[in-house]
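Please look over the structure before reading on.

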Amino acid sequence: MQITRDILDNLSTSIIALDGELKVVSLNSSCQDLLESSEGRALGQPVAKLVANAGALVEALERVRNERSPTSRRGMPLLLLSGKEIQTDLIMTPVGDGRGDVNLLLELQPVDRLLKISREESLVNAQAITQEMIRGLAHEIKNPLGGVRGAAQLLARELPDEGLAEYTNIIIREADRLRDLVDRLLGPNQQLKNKPLNVHEVLEYVRNLIVAESNNQLTLARDYDPSLPEIFGDRAQLVQAVLNIVRNALQACDETVQAKITLRTRPQRQFTIGTTRHRLLCRMDIEDNGPGIPADMLQTIFMPMVTGRAEGTGLGLTIAQSIITRHGGLLECSSEPGKTLFSIYLPMETQHV
């Protein structure tokens, strides 16, 4: 029944229905995403062909099928056909008397995804706390700065020697510099102007800017999914967020031989951001082959003033995260030598204001 299928596709748990020969009868949407395989490709295939290391999985399923007794396995490693390894908790349940079309149900819950949800929720909460702290700090800094600047202007008018005006000009310039720094810490504060937009147009706009800035000294690859629908968002602010991330990648690859940045888009189903589970999101990946982010910096890269470059301000990723968060999305990063990946997740189903 269609209603049953709709329920299965809205579950965050990955479910495979198998017949008596352990061939695939059905995969829900979450399972297709988890195993990186479409239902059309998997239907009628032995479950052993869904992963590269199926021995222990098939053995456990055969035992459940033969004994007609449900069982579970914790932390089973599964090697996907793409080469990616995932850790999953499995629940295997026999269905009916074993004579119907569906003989077994296999539920898969990725352990690493549960840990990521916890980390992402902590990240979102930390970002909100940081923003509140910055707002309070900005208020305490900008008020006296205004007074210092005004006093310097008044003093400049009263000085008998014009040569002394250079000192008051320094005070005014430094007060303005500090005010601008505080404003950048606060990030964009104007209301979002959300409109339907094509994320590929945003990525192409940023790509053209980076091509010009890099003088064609690196490869900027595209890996787009043209089936993605439009999303609601503020184009100018999303351009700024993506541009900050790609510029970081460009600078990280400065000394990399055959430097390459890849811009990738994919749909992401049944994904949790904070405490909200979204049925469908747009995922934008910015991947570079630079030296990677040091492990001791990886947990703090979205904090203000954190940078690995002497000339950096440490605000680019903070601003990018603030923009993505205001869109109801999530920005996350993983890094190792030769591969740094920033992923932007943006909801598709609702308009955020």
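Which residue in S12 stands opposite Leu331? Ile344 does.

## Basis of the model

The model is predicted, with local features needing pLDDT of at least 70 and side-chain atom pairs counting only at pLDDT 80 or more, while totals for chains, interfaces and linings use all residues. Residues are numbered from 1 along each chain as its sequence is written, and side-chain values use heavy atoms, leaving out hydrogens and water.

## The sheet

Five strands form an open sheet with mixed pairing, in the order S7-S9-S10-S12-S11. Strands are DSSP runs (E, at least two residues), as helices are (H or I, at least four), numbered from the N terminus. S7 (219-223) and S11 (330-336) are at the edges with a single partner strand each, so one side of each has no neighbour in the sheet.

S11 pairs with S12 (residues 339-347) in the antiparallel sense over 7 bridges; pairing requires at least two DSSP bridges between two strands.

The axes of H8 (residues 235-252) and H10 (residues 316-326) come within 9 Å and cross at roughly 145 degrees. Axes are lines fitted to C-alpha atoms, for helices over the stretch in contact, and angles run from 0 to 180 degrees between N-to-C directions. Residues of H8 that meet H10 include Leu238, Ala241 and Ile245; among those of H10 are Leu317, Ala320 and Ile324.

Methods:
Contact = heavy atoms within 4.5 Å.
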